[in-house]
Amino acid sequence: MPGDGEIVRGMALLRVLSGTLELTAAYLMLRWGRVEAAMRINGLLGMVGPAVLVLVSLLGLAGLSAHLPWPRLGLIACGVLLILLGTR
């Protein structure tokens with residue numbers, strides 16, 4: 001199993017990629033200058049955001065799996081699921 005440093009780097013890399021995608025989307029919105037195009041881009045970002053949240057959380061849970069008992073890991077996973085359901 002990868003060490004803590006590798007997991008944290010993976011989590012950070014996913015967030016950097018997500019941020020880069022957000023900045024690129026903002027640039028495209030400004031460049032195209034049309035509300036219709038901006039709404040399409042915003043819709044795509046709305047799908048990417050939750051996916052990044054889940055992936056980063058899964059990496060974090062994988063890193064914590066050696067340190068925490070299973071009931072606590074399940075509780076954290078339920079919390080992530082509730083965040084996703086609550087923001088629908």
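Trainee: On what basis are the residues numbered and the values computed?

Mentor: Because this is a predicted model, local features need pLDDT of at least 70 and side-chain atom pairs count only at pLDDT 80 or more, while totals for chains, interfaces and linings use all residues. Side-chain values use heavy atoms, with hydrogens and water left out, and residues are numbered along each chain as its sequence is written, from 1.

Trainee: How many helices and strands does the chain have, and in what order do its elements run?

Mentor: Helices (H or I, at least four residues) and strands (E, at least two) are DSSP runs, numbered from the N terminus. By that rule the chain holds 3 helices and 0 strands. The order from the N terminus is α-α-α.

Trainee: What is the radius of gyration of the chain, and what does the globule rule give?

Mentor: The radius of gyration is taken over C-alpha atoms, and the globule rule is 2.2 Å times the number of residues to the power 0.38. For 88 residues the rule gives 12 Å, and the chain is well over this, so it is more spread out than a compact globule. The C-alpha atoms fill a box of roughly 50 × 30 × 10 Å along the principal axes. The radius of gyration is 16 Å, against 12 Å from the rule.

Trainee: Which end-to-end distance does helix 1 have, and which does helix 2 have?

Mentor: The expected span of a helix is 1.5 Å times one less than its number of residues. For the 29 residues of helix 1 (residues 4-32) this comes to 42 Å, which agrees with its end C-alpha atoms at 42 Å.

Trainee: What share of the residues is buried?

Mentor: Buried means under 20% relative accessible area, exposed over 50%, and partly exposed in between (1.4 Å probe, protein chains only). Of the 88 residues in the chain, the buried share is 17%.

Trainee: Which residues of helix 1 are buried, and which helix do they pack against?

Mentor: The buried residues of helix 1 are Ile-7, Ser-18 and Ala-25. Contact here means heavy atoms within 4.5 Å. The partner of these buried residues is helix 2 (35-64).

Trainee: What covers the buried residues of helix 2?

Mentor: The buried residues of helix 2 include Ile-41, Leu-45, Val-52, Val-56 and Leu-61. Their cover includes helix 1 and helix 3 (70-86).

Trainee: Is Met-47 buried or exposed?

Mentor: Met-47 lies in helix 2. With a relative accessible area of 57%, Met-47 is exposed.

Trainee: Is Val-80 buried or exposed?

Mentor: Val-80 belongs to helix 3. Val-80 and Pro-50 are 30 residues apart in sequence, with 9.9 Å between their C-alpha atoms. At 15% relative accessibility, Val-80 counts as buried.

Trainee: How far apart in space are Arg-40 and Met-29, C-alpha to C-alpha?

Mentor: Arg-40 is found in helix 2 and is exposed, with a relative accessible area of 59%. Arg-40 and Met-29 are 11 residues apart in sequence, and their C-alpha separation is 9.5 Å.

Trainee: Which residue follows helix 1, and what is its phi?

Mentor: Helix 1 comprises residues 4-32. The residue that follows is Gly-33, with a positive phi, near 60°.
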